[in-house]
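This report looks at selected elements of the structure shown below, taking helix packing, strand pairing and a chain contact in turn.

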Amino acid sequence: MSKIRVVHYINQFFANIGGEEKADYQPELRQGIVGPGLALSAAFKDEAEIVATVICGDSYFNENLEKAKKEVIQMVASQKPDLFIAGPAFNAGRYGVACGTIADAVQAELGIPVLTGMYQENPGADMFKTKVLIVETKNSAAGMRDAVGKMAPLALKLARKEEIGASSEEGYLPNGVRKNFFETERGSKRAVDMLIKKLAGKAFTTEYPMPNFDRVKPNPAVKDLSKATIALVTSGGIVPKGNPDHIESSSASRYGKYDIDGIYDLTSSSFQTAHGGYDPTYANEDPDRVLPVDVLRDFEKEGKIGKLHRYYYSTVGNGTAVASAVKFASQFSKELVNDGVDAVILTST
Amino acid sequence: MRDFIIVTNNRQVSDRYERIYPVEYYEVTYMQTLLLVRDRVHLGHALLTHPLAGSIKPNETPFKSVMISRSKGETDPGSVQLIEESIETYNKFKNKKFPNMSLRMRDDYAQIDLSLLENALGSAVEK
Amino acid sequence: MKLELGYVHIRDIQFASESKVENGVLHINKDAVKKLILEDETIESVDLEIAKPGQSIRILPVKDVIEPRVKAEGRGGMFPGMIAKVDTVGSGKTNVLKGSAVVTTGRIVAFQEGIIDMAGPGAEYTPFSQLNHLVVVCEPVEGLKQHEHEKAVRMAGLKTAAYLGQLAKDIVPDEVHTYETFGVKEGLEKMPGLPRVAYVQMLQSQGLMHDTYVYGVDAKKTLSTMICPTETMDGAIVSGNCVSACDKNTTYHHQNNPVIEDLFAQHGKTLNFVGMVITNENVYLADKQRSSDWTAKLCRFLDLDGAVVSQEGFGNPDTDLIMNCKKIEEEGVKTVIITDEYAGQDGRSQSLADADPKADAVVTGGNANMVIHLPKMDKVIGYAETANTIAGGHAGSLNSDGSIDAELQVITGSTNELGFGRLSAR
């Protein structure tokens, strides 16, 4: 039986090249094992071997998605692997997103089984857990042994095309596919034990997490629009031409605040879209299509609204973590309130 | 006057009740009945019975009877949620299990749907 | 109430000239049982068969499974209001023919429900593959209406189980389990400082083939109420539910309620098992509202700290389950709910028809849509050809070689929502 050929993807930090300052490291293919691959390899024993490692900086990957994906996939393909492993990324957000993205892409393009690992709260987890199997790890590299302990056996199962069990059995993040399995104890006992824990204020794990409800209660309606100050906020990525704040085309890690005082119309010479998730042609032609400044100026003139607030806030909603969106809005809504804004029109795509 | 309408695709239901209560009978599929109810809910009728009455799976029985309020008011969000969730549940059971049902089988399913409605009527009318 | 439940272990079952229990073997006089069942004039004929664990036997369509029990000492008789006269049960001594059961089958309606395989992969998904069965196959008189047919089969099963149970009346049990719950004051004095926990059991109550009886009363007609857990051990709650084999509670489940057993196991140690609330699952929305309001009210009244809530059946009971959970939590009582799932054959659909963030402690009996292949069995007891119209299967479920391709739904008790089994999902 020939050994399973594995290609491993890691970032600049785990390759010992450097930290944040080296996050722009371009993809490099190295033969054999690098960094955490050693632990994986030991766990594989004779069953599999890491024939090559691809190293890529997290910033380079996230800011050059299409190019980076292509480069990395080419490198992976050249090794003719049976299996691809990315990470584990623990709680490093950009690394986690990169791992999820590249694992998903390799799976799609090369048709080989893929596996990655990260902490439950890593934004990459929410984004990719339904697309690729993600082993649940602790939140820092101190959990490397635990991560490898789960990743190696699951990786071998995937490579051998064996039946994969339920998420709790195999150690991967629940991926939206419910799988049956037999517990050691009957349901009623599990229920009583769970209740005892709940009553004692101890931690317990539900067997069926309710679907995510992020419901926001609407505020009461604006009493008099003609006197109201309306602000524009968008996740459609409309930014001043040149994208001075370098808002990322996906997985945005920041937002921008821009002054439209005296501007009655957005044009292709002054504004653009930074969003990488839709065809930018029409938004670049006339950015008002995504951020309707022109219409709101008309409303101002006609007295339909009191006035359009001089600042607008913009980010890119393409694959941006819910947690990030909540963070941005918590910050700038304070400013909106202080500036006397009565209502906000949110545009997205 | 009874403040309910029975929306049904079950002939047995309309035969039994159309002379006593407001019944709207449509010769349509289970799903189409759910959609008709949904339309009425959006127009302001409230749901009086759960659209997924009974434990027989939606892709097994051809019959569906639902009670809605006769009067209309503000669209009831609870009813909207319930009918939409029921339609979603129906969609989980897409493949018709028994496309060429015997008459006997159809009759049995009709009987059960009738019984479920009968019991609901018991609660609606007993005052 | 205090009940001593005595197990008379049954390890084999056979037909004999005299009905008796001897050395762990249940001997059954066929003619005596047939005569008893045929007292009901709506039954034309009856067949009796035996099925034992490990045998290559398939029983279908299963209507109910009942455990033979008898009141050995104390008030009342088995199945009060149904077989025995109405009288409060749940105290004294009750003997159980442990390891045996009566299984009723009947082609009440043209679509079928309920398979028990005594061997093979299907056997793993039902607790009933582990028991020694007397299978009752009844034929109704010509033209009998569905609800009368259902009643006839139901009563035949209960009568037979009561008759067999009687055989254990004077036998000294092999082991005895004692269960006791106390009044409010006494409980507080005996178990100060222990969290007060009750069991809220939801009963299927929607109509034909979907009913449950409490002391002979149709559960849909009741307001939520309280019952002592030991009363269920004497057959106070009986099943008239013949739909959705995987998650319906057979009478056997009611008699052997695992939530009750597991709460008793902790009673006096980590919790005070205060008692039980039973509520229904009606179709009329206002009834659902009323029942869940009432249940929450009772939980508050009992000053509970926590409650285990179980449901029964598919679809709209999810609404009752969530209503009960929410309202009980809103009264400051912590809940754990037990349910099963219909997540589609690929496991990707939303499992429950209803949901709420307050339901943060859930135990699941597994995905009922999972597809299984049941290999051919040497013998089929019941109505073999009905495998083609088995609910949970599809036209063509029955393969020419006698094997069945269908969803887990078809197996009696496979995703039971009392937590009877070990099947789960993640």
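## Helix packing in chain A

How are α3(A) and α4(A) oriented to each other? In this predicted model, helix α3 (residues 65–78) of chain A packs against helix α4 (residues 93–110) of chain A at an angle of about 60°, and their axes lie 10 Å apart. Because angles of 65 to 115 degrees count as roughly perpendicular and those under 35 degrees as roughly parallel, α3(A) and α4(A) are therefore oblique to each other.

The crossing of α3(A) and α4(A) is right-handed. On the α3(A) side the residues that meet the partner helix are A:Lys69, A:Val72, A:Ile73, A:Val76 and A:Ala77, while α4(A) contributes A:Thr101, A:Ile102, A:Ala105, A:Val106, A:Glu109 and A:Leu110.

Strand β20 of chain C, which spans residues 306–310, is mostly covered, with five of its five residues buried. In a regular strand the side chains alternate between the two faces of the sheet.

Together with helix α8 (residues 317–330) of chain C, β20(C) and β21(C) make a right-handed β-α-β unit.

## A three-stranded sheet in chain C

Chain C also holds an open sheet of three strands in the order β2-β4-β3, with mixed pairing. Its edge strands are β2 (12–15) and β3 (20–22) of chain C, each of which pairs on one side only, and the twist averages 20° from one strand to the next.

Within this sheet, β3(C) and strand β4 (residues 25–28) of chain C pair in the antiparallel sense over three bridges, and C:Lys20 stands opposite C:His27 in β4(C).

## Contact between chains B and C

The contact between these chains takes 32 residues from chain B and 32 residues from chain C. On the side of chain B that touches chain C, the elements that give two or more residues are α3 (77–92) and α4 (103–125) of chain B, and the largest share of that side, 13 residues, comes from α4(B).

Terms used
Residues numbered from 1 in each chain as written. Chains lettered and ligands numbered in written order. Predicted model: local features only at pLDDT ≥ 70, side-chain atom pairs only at ≥ 80, totals over all residues. Buried ≥ 20, exposed ≤ 12 C-beta atoms within 10 Å, placed from the backbone. Helix = DSSP H or I, 4+ residues; strand = E, 2+ residues; numbered from the N terminus. Right-handed = clockwise from strand over helix to strand, strands pointing away. Axes fitted to C-alpha atoms, helices over the stretch in contact; angles between N-to-C directions. Parallel < 35°, antiparallel > 145°, perpendicular 65-115°, else oblique. Left-handed = near helix turned anticlockwise from the far one by under 90°. Contact = placed C-beta atoms within 7 Å. Pairing = 2+ DSSP bridges.
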